[in-house]
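Here is a short report for someone new to this fold. Look over the sequence and the model first.

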Amino acid sequence: MAVLAGAVRGETGALTIRFGRYELDREQGLRREKHCVRLTPKSLSVLWILADRAGELVTKDELFEAV
């Protein structure tokens with residue numbers, strides 16, 4: 001998770017992940033500064049997996065299984 005600006009709780013247990021101007025909350029969704037970024041539930045799930053495992057290889061099969 002070295003590329004992230006900050007995360008509360010580590011991999012797969014994180015509730016909030018911050019990167020750049022963005023904050024990704026597992027329940028609240030994605031925000032850029034004070035603005036909500038609208039995402040479909042599936043897109044949010046994919047983004048969460050990729051952000052939570054930043055710097056790691058995530059296979060297509062892992063994404064399909066998780067989403």
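Predicted model: local features only at pLDDT ≥ 70, side-chain atom pairs only at ≥ 80, totals over all residues.

Residues are numbered from 1 along each chain as its sequence is written, and side-chain values use heavy atoms, with hydrogens and water left out.

**The core**

The largest nonpolar core has 6 residues: Ile17, Leu24, Leu30, Leu44, Trp48 and Ala51. A nonpolar core is a set of buried Ala, Val, Leu, Ile, Met, Phe, Trp, Tyr and Cys residues joined through side-chain atoms within 4.5 Å. Buried means under 20% relative accessible area, exposed means over 50%, and partly exposed lies in between (1.4 Å probe, protein chains only). H1 provides the largest share of this core, 3 residues. Helices (H or I, at least four residues) and strands (E, at least two) are DSSP runs, numbered from the N terminus. In soluble globular proteins, nonpolar side chains tend to be buried together.

Ala51 sits in helix H1. Ala51 counts as buried because its relative accessible area is 9%. Between Ala51 and Phe19 there are 8.5 Å in space, C-alpha to C-alpha, and the two are 32 residues apart in sequence.

**The largest pocket**

The largest pocket has a volume of about 220 Å³. Of its 11 lining residues, Arg26, Ser45, Trp48, Ile49 and Ala66 are the closest to the centre. A pocket is found on a 1 Å grid over the protein atoms alone: it is an open set of points where a 1.4 Å probe fits, with protein on both sides within 12 Å along at least five of seven lines, and lining residues have an atom within 4 Å of a point. The volume is the space filled by probe spheres set on the points, which are joined across faces, edges and corners.

Helix H1 (41–52) and helix H2 (60–66) each supply at least two lining residues. H1 gives the most, with 5 residues. By class, the lining has 5 nonpolar, 2 polar and 4 charged residues. Here Ala, Val, Leu, Ile, Met, Phe, Trp, Tyr, Cys and Pro count as nonpolar, Asp, Glu, Lys and Arg as charged, and the others, Gly among them, as polar.

**Salt bridges**

The whole structure holds 4 salt bridges. A salt bridge is a side-chain nitrogen of Lys or Arg within 4 Å of a carboxyl oxygen of Asp or Glu. The table lists some of them.

| Pair | N to O distance |
|---|---|
| Glu23 and Arg18 | 3.2 Å |
| Arg21 and Glu33 | 3.5 Å |
| Arg53 and Glu56 | 3.2 Å |

Salt bridges with shared partners join Arg53, Glu56 and Glu62 into one network. Arg53 is buried because its relative accessibility is 16%. Glu56, at 38%, is partly exposed.

Glu23 is partly exposed at 30% relative accessibility, and Arg18 is partly exposed at 35%. Arg21 lies in the loop between S2 and strand S3 (22–25), and Glu33 in the loop between strand S4 (29–32) and strand S5 (35–37), so the pair ties together parts 12 residues apart in sequence. Arg21 is exposed, at 53%.

**A buried polar residue**

Thr16 lies in strand S2 (residues 16–19). Thr16 counts as buried because its relative accessibility is 10%. Its side chain makes a polar contact with the side chain of Asp25 (3.3 Å). A polar contact is a pair of N or O atoms within 3.5 Å; within protein, one must be able to donate a hydrogen and the other to accept it, and residues adjacent in sequence count only if both atoms are side-chain atoms.
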